[in-house]
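Hi everyone, thanks for coming. Please have a look at the structure on the screen, and then we'll walk through it together.

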Amino acid sequence: MQDWRFFYGNGEQNKEVEDKLKALDPPPWRQFARKEDIQINSEDDKRWQKLRQLAENQDRNRKRGQNFRISQNATDVINAVNAAIYLRRPLLVTGRPGAGKTSLAYAIAYELNLGSVLSWPITARSTLQEGLYSYDALARLQDSQQDKKIAQNIGKYIKLGPLGTAFLPSILPRVLLIDEIDKSDINLPNDLLNILEEGEFEILELVRRSQSQEGIFKQIQENEFKVLTQDKGIDALINAGRVGCCAFPIIVMTSNGERDFPPAFKRRCLRVRMPDPNQETLKAIVEAHFGEKGKIAFKQAESKINELLKEFMPDENQPLERATDQLLNTIYLLTREVNIQEEDEKSVKEILFKTLTSGD
């Protein structure tokens, strides 16, 4: 029997997963645009080539996904990701700060070769409109005063946000990170309900234009508009102002548990908690971050790293109140070829190993 998993959380890229994703049939109640409408369009293939090249050029984010490791005993997270792909549901990932919630999105995009991650960092001022698209009416007005013909191209003044870009029709799903959604205004989770359920939205400015009887403005096809997206240098064609997904995006929403969410919102999500890494997982993370060139240095400093790992881990039955990057920073600093005195080393560890609950 074929392995049901797409994602393993081991940092290994599986380029053969594309055909498996394309052949995936969603539940009847989670069907959106038809695959046939996209398969006949070669522009989708060209767009994915650009998206993957864009991901290759984003070296920092690519390594973030490549270096992600999760304990193979932590099957809940791995199963939740794969269930979300099958069921076309967003993931709500909770856990302590530094547990790897954000890196999970980059790991999914890297392992499944799904291009660059679309990131939407949430603040108390974030709105649904910001996530969907923006319309620069002022720039259009200024251009119209100079050349009315240029200003008629309304698409050049519209830019899809990370959420709107994720829902562009495509055979393969995009990975969307909605980071720290618990910091949002109280209304945002409820505002997201419709698009998470229906998988589509409208760009009102384009809908009005497509319904106009003036007949002045024409592009490649009637009622088709080229707009900017969150992907640098990659535009999108919008038909009649309506955007609807085919493959529902893989949405990772992270939360540090600063607030609860309404039941209607939680019902639409698969919820999972990112576990604290054990010592073996931390060691694998450290080794992955050293990279190929650093493997010799890792072996030379292995005893020192093991010592720091023991100091980093809490006492038995105590919660881990430190973030993984604190360990990486400490190891990087204390295994360099510099002469750090014993007294300074002790001070450095006290500074870098402070718990996240410490008031200092």
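Let me start with a question: how many disulfides does the count come to? One thing to keep in mind is that this is a predicted model. The count comes to zero disulfides. Take cysteine 245: the closest cysteine sulfur belongs to cysteine 246, and at 7.4 Å that is too far for a bond. A disulfide needs the two sulfur atoms within 2.5 Å. Cysteine 246 is likewise in no disulfide. Both of these residues are tucked away: cysteine 245 counts as buried at 1% relative accessibility, and cysteine 246 counts as buried at 2%.

Now for salt bridges. Side chains of opposite charge can pair when their charged atoms come close. A search of the whole structure finds 15 salt bridges, and I'd like to show you a few.

Find helix α1, residues 17-22. There, glutamate 18 and lysine 22 meet in a salt bridge, with 3.0 Å from N to O. These two sit four residues apart, about one turn of the helix. Lysine 22 is partly exposed, at 30% relative accessibility.

Next, go to helix α4. Aspartate 59 forms a salt bridge with lysine 63, and their closest N and O atoms are 3.4 Å apart. Aspartate 59 is partly exposed at 33% relative accessibility, and lysine 63 is partly exposed at 41%.

My next example links two helices. Glutamate 345 forms a salt bridge with lysine 304, with the closest N and O atoms 2.4 Å apart. Glutamate 345 is in helix α19 and lysine 304 is in helix α17, so the pair ties together parts that are 41 residues apart in sequence. Glutamate 345 counts as buried at 16% relative accessibility, and lysine 304 counts as buried at 18%. Shared partners join Lys304, Glu311, Glu345 and Lys349 into one network of salt bridges.

Last stop: the largest pocket, which holds about 1300 Å³ of space. It is lined by 42 residues, and the closest to its centre are Ile285, His289, Thr324, Asp325 and Leu328. Among the elements that give two or more residues to this lining are α4, α6 and α15. Which element gives the largest share of the lining? That is α18, with six residues. By class, the lining has 16 nonpolar, 16 polar and ten charged residues.

Note on methods:
Residues are numbered from 1 along each chain as its sequence is written. This is a predicted model: local features need pLDDT of at least 70, side-chain atom pairs count only at pLDDT 80 or more; totals for chains, interfaces and linings use all residues. Side-chain values use heavy atoms; hydrogens and water are left out. On a 1 Å grid over the protein atoms alone, a cavity is a set of points where a 1.4 Å probe fits but cannot get out, and a pocket is an open set with protein on both sides within 12 Å along at least five of seven lines; lining residues have an atom within 4 Å of a point. Grid points are joined across faces, edges and corners, and a volume is the space filled by probe spheres set on the points. Ala, Val, Leu, Ile, Met, Phe, Trp, Tyr, Cys and Pro count as nonpolar, Asp, Glu, Lys and Arg as charged, and the others, Gly among them, as polar. Buried means under 20% relative accessible area, exposed over 50%, partly exposed in between (1.4 Å probe, protein chains only). A salt bridge is a side-chain nitrogen of Lys or Arg within 4 Å of a carboxyl oxygen of Asp or Glu.
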